[in-house]
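User: Hi! Could you walk me through this structure?
Analyst: Happy to, here it is.

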Amino acid sequence: MFSEKNIVLIVSGGIAAYKAATFARLLIKEKAHVKVVMTKSATEFITPKTMAVLTNEPVLTDLFADPTDAKIDHISVADWADYIFVVPATANIIAKIANGIADDAASTVLAARHTPLIIAPAMNENMYRQKAVQKNLQNIVADGDIVIQPAEGLLAEGYSGQGRLPEPADILAYSELVLHQKQGRLQNKHVVISAGGTVEPIDPVRYISNRSSGKMGYALAKAAAEQGAQVTLVSATTTLSDPIGVKTIHIQSAQDLSDQMMAALPAADIMIMAAAVSDYRISEPAVNKLKKQTSGQLTLTLVENPDILAQLGAMKKEQYLVGFAAETQNLLEYAQTKLVKKNADMLVANDVSKQQVGFGYDTNQVTILTKNQEPQVLPLQDKLSVARKIMQKISEVIN
Ligand SMILES: Cc1cc2nc3c(=O)[nH]c(=O)nc-3n(C[C@H](O)[C@H](O)[C@H](O)COP(=O)(O)O)c2cc1C
């Protein structure tokens, strides 16, 4: 989102100012063009030289630095920006932003801005909870700017509380999410997505599962959140971290998943079944760990699990229902049959026998089937790009 964009990074004078260096580097890694403006206090914590070398640009610190220069720096910097970040934002600069005070280079650039502003407050918890600071933050949000909540954790004062600057990668991810959401096409929609592979216990230490990594479902959750949706992710096993801005519920078995999805159905607008659900479970999982059998054989009795997509298809009213079909042969035929039989509105089919497609890979190649439309074949691409195309298609159909 920030690739080839002009970013003004304003650094104010808090103890977390050193993290602005990492943040600048991340932006540059995203191929953004970065210019840094620092308050006088910020230069007590990190040198302008560091920021200049990292960004390969001069750093603006003084409104009146060069009296012979006819150029008005604070205006040209504000005009140049596609986005302005304040990382970290002190209580002081927050007060200036909220009240339009312009008494140094940083606050004057801010007063002259006309592009989206994202600020990341960081301070001692008592300062953060101060009524004046909270009122100023509320005013900044009410003016349409973005405030990233400080994180909880160990503060510079040696005790824990809310006030820490979030990690630079989280500031970047959260900013992208919120900026996307502001332009999103799924505002006010509740999207429920299942992901990962279900786990069916054999005994307390063993289970039956499948190769699903959860990557596709997690990418869908991220893509739905980017479009401004309220997203609930019902996640079976995966090693992935919970996506930012998404309510994630962790479950184990197909029965747990069925319970969560059925409970979520009435309040959902869009239901996406991307989890790989075990068709069968052990009829009676052993209470204690199974010992080796003297016969040299172990027979497990399996019983069928609920068909969650079919359950949702039978129960749904206005909800838009999306299923996934991972097949190794006769892909489109199976997917078409599944679309109709399960009463789904969209079926995303992938041939998991192909290289780089489906389970565990970061890429996927899918065909989207909808009722009364020609199948849409998407090229092989990373799972987030696939997810964005799927959410785009859903938003077109339901809006
Ligand atoms: C060691 C030290 C650490 C500080 N850390 C913070 C901080 O994390 N957050 C904050 O709002 N102010 C902090 N301050 C206070 C600010 O530096 C002070 O309010 C200053 O006026 C801010 O100026 P600026 O907003 O122009 O950068 C700290 C001050 C000192 C001396």
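User: How much of the chain counts as buried?
Analyst: Of its 399 residues, 49% are buried, meaning under 20% relative accessible area with a 1.4 Å probe and protein chains only. This is a predicted model, where local features need pLDDT of at least 70, side-chain atom pairs count only at pLDDT 80 or more, and totals for chains, interfaces and linings use all residues. Residues are numbered from 1 along each chain as its sequence is written, and side-chain values use heavy atoms, with hydrogens and water left out.

User: And how many helices and strands does the chain have?
Analyst: There are 14 helices and 21 strands; these are DSSP runs numbered from the N terminus, with helices being H or I of at least four residues and strands E of at least two.

User: Switching to the ligand: which residues are closest?
Analyst: The closest are Gly 13, Thr 39, Thr 90, Ala 91 and Ala 122, out of 14 residues that surround the ligand, each with a heavy atom within 4 Å of it. Helix α5 (residues 91-99) gives the largest share of that shell, three residues.

User: How much of the ligand does the protein cover?
Analyst: The protein covers 64% of the 640 Å² of accessible area that the ligand has on its own, using the Shrake-Rupley method with a 1.4 Å probe.

User: Where does UniProt place its "binding site" feature?
Analyst: The unreviewed UniProt entry lists Asp 279, Lys 289, Pro 306, Asp 307, Ile 308, Leu 309, Phe 324, Lys 338 and Lys 342. Such annotations may be inferred rather than shown by experiment. The listed residues span 64 residues in sequence and their farthest two C-alpha atoms are 37.9 Å apart, so they do not all gather at one spot.

User: Is Leu 309 buried or exposed?
Analyst: Leu 309 is buried, at 6% relative accessibility. Leu 309 lies in helix α12 (residues 308-315), and beyond its neighbours within four places in sequence it contacts residues including Met 273, Lys 338 and Leu 347, with contact meaning heavy atoms within 4.5 Å.

User: What about Phe 324, buried or exposed?
Analyst: Phe 324 is buried, with a relative accessible area of 13%, and belongs to strand β16 (residues 320-327). Leaving out residues up to four places away in sequence, Phe 324 touches Met 273, Lys 338 and Leu 347, among others.

Terms used. Buried means under 20% relative accessible area, exposed over 50%, partly exposed in between (1.4 Å probe, protein chains only).
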